[in-house]
Amino acid sequence: MPEAPISPRVRDQALAWFSLTQSGDISEAELQQLQRWRQSDSEHERAWQRMAQLPGVLRNHARVLDNPVARGALQQTRYVSGDRRQVLKLLFGVGVLGAAAWHGKDSHWVQGELADLATATGQRLHRTLADGTQLWLNTASAVDLRFSDSERRIVLRFGEVDILTGHDPAGRPLWVQTPDALLQPLGTRFCVRCDEAGSGTRLSVSSGRVSVSVPGRPETQVVEAGSQAFIDARGVSQVGPMDPGATAWIDGFIVAERMRLADFVAQLARHRRGILRCDPAVAELRLTGSFPLDDPERIFSQLVDSLPVGVQRRTRYWVTVVPRQAG
Amino acid sequence: MGTHNSFEQDVEVLYLQHHGWLKGWLQRRLGEAADADDLAQDTFVRIIRARSPVAELKQPLAYLATIANSLLVNRWRRLAVERAYAEALAAQPEAVELSAEARYLLIETLTEIDAVLHGLSPRVREIFLLSQLDGLTYKQIAAQLGLSVNQVQKAMLKAFSRCYASLFE
């Protein structure tokens, strides 16, 4: 049975504690403090039990690593830059993204910290809840999980979440709440996006159906499989066929099918820290392909290769896609 | 019965429709036709082994690309480990070369560990190995490598959080 989630905050605390126990320098007082921390909350203890598995990563292979050549190889394995094929190394640039979780200063940062599940810009996350419901959290997103004896409620604070509903043995109904709407899935996989309060909610239904109600409006409306819709205070609008690339982020891609460059850049910007803009002069160019989200730099070079554009960098974090300079 | 296909038939349809596209997709990333052919085949082998239904894929191309991409990543990681292994071997002339089979298994294991440590620099890896395999304290590591204890702590935290993310997130 899947475990309950562990929040990023508790994870980071547990990591700090665990690292201290491995230092060879932990004091008696600190050990007692650690005991108290573990006992003060079941989530702390669960996080701690995970930590205890970390040394196994190496120690289970201690015999292999006794071989000094093997050990040297593991230590020196790196993804050097160079020929074109090796740009793939950027697929592993996760370390940079991980840093966002520790040092992020997004406006959503504090809210994200308080949420039950949250991702920093550039992160994505998959969780299976105790009732079997699966959640995929896109970049810069936060949800709360409010499960009680009578209902299961998932609150999207901001960002985007894809949900595959599980069959609850207790038969509790599942609700998904955004600032704009209350959604009830009817045996379903669907994706909900709400960038910030007041911007409206986007719903895409991959299978099954979702019933939508808007606060202050009596009627409910059902959105069917293969459809997407926009929901705000005025109700449900813009119902149409689901964009086939809408949930490619789950697999780590932006899939573009003759997509406007401006729309593409806006999508990419959600996954990247800093400012990323598209010059209006090239906004209407069209783009087709699959682009790996974890590697914006590679995407920039793909753009320059395939379209008459250049990438202008004011600073590391401020990037504009502009018309290519003549000559 | 009539229109209901077996899983194998569904995969065959997928193969006939998209194999060419997938090969082209891989070729653009690899620059070599032979490797692209192999990886395209491997992609379908993996789909057949996984046995998850493919009849009603909404985005067959994205699905294929996702699987092919994870194969590319594995392949790339393995190449990086092989290269590091060859360098480490060259640096130790007295080391005994393993049989082809033993070497294959060793590279396989190292690639698995490397997947957990991905993104960590050689320096962080060295610190992590000294602590977790040799049992040195952070102070001893700092002294041995000429670093501050604070730098060692930071490296260890980074390594543990990478392991945690690989195992649990």
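Predicted model: local features only at pLDDT ≥ 70, side-chain atom pairs only at ≥ 80, totals over all residues.

Trainee: OK, how many helices and strands does chain B have?
Mentor: Chain B has seven helices and zero strands. Going along the sequence, the pattern reads α-α-α-α-α-α-α.

Trainee: And chain A?
Mentor: Chain A comes to 10 helices and 16 strands.

Trainee: Now the interface. How many residues are in contact between the chains?
Mentor: On the chain A side 50 residues are in contact with 51 residues of chain B. Two residues are in contact if their C-beta atoms, placed from the backbone, lie within 7 Å.

Trainee: Which element of chain A gives the largest share?
Mentor: Helix 6 of chain A, with nine residues. By class, chain A's side has 26 nonpolar, 15 polar and nine charged residues. Here Ala, Val, Leu, Ile, Met, Phe, Trp, Tyr, Cys and Pro count as nonpolar, Asp, Glu, Lys and Arg as charged, and the others, Gly among them, as polar.

Trainee: What angle do helix 6 of chain A and helix 4 of chain B cross at?
Mentor: Roughly 35°, and their axes come within 10 Å. Axes are lines fitted to C-alpha atoms, for helices over the stretch in contact, and angles run from 0 to 180 degrees between N-to-C directions. A:Ala70, A:Ala73 and A:Leu74 from helix 6 of chain A meet B:Leu106, B:Leu110, B:Ile113 and B:Asp114 from helix 4 of chain B. Those residues divide into six nonpolar, no polar and one charged.

Trainee: How about helix 3 and helix 4 inside chain B, what's their angle?
Mentor: Helix 3 (residues 60-91) and helix 4 (residues 100-116) of chain B pack at about 115°, with axes 9 Å apart. On the helix 3 side you'll find B:Arg77, B:Arg78, B:Val81, B:Glu82 and B:Tyr85, facing B:Ile107, B:Leu110, B:Thr111, B:Asp114 and B:Ala115 of helix 4 of chain B. That contact has five nonpolar, one polar and four charged residues.

Trainee: What should helix 3 of chain B span?
Mentor: Its 32 residues should span 46 Å at 1.5 Å a residue, and the end C-alpha atoms are 47 Å apart, which agrees. The expected span is 1.5 Å times one less than the number of residues.

Trainee: B:Arg75 sits in that helix. Why is it called partly exposed?
Mentor: Because B:Arg75 has 17 other C-beta atoms within 10 Å. B:Arg75 is also 36 residues from B:Leu39 in sequence, but their C-alpha atoms are 9.3 Å apart in space.

Trainee: Switching to cores: which residues touch the most other members of the largest one?
Mentor: Among its 39 residues, they are A:Ala73, B:Tyr85, B:Leu110, B:Ile127, B:Met156, B:Ala159 and B:Phe160. A nonpolar core is a set of buried Ala, Val, Leu, Ile, Met, Phe, Trp, Tyr and Cys residues joined through C-beta atoms within 7 Å. Helix 7 of chain B gives the most to this core, eight residues. A second, separate core of 32 residues includes A:Val255, A:Leu261, A:Leu268 and B:Ala68.

Trainee: Last one: is A:Glu284 buried or exposed?
Mentor: A:Glu284 is exposed, because 9 other C-beta atoms lie within 10 Å. A:Glu284 lies in the loop between strand 13 (275-278) and strand 14 of chain A.

Definitions and conventions. Residues numbered from 1 in each chain as written. Chains lettered and ligands numbered in written order. Helix = DSSP H or I, 4+ residues; strand = E, 2+ residues; numbered from the N terminus. Buried ≥ 20, exposed ≤ 12 C-beta atoms within 10 Å, placed from the backbone.
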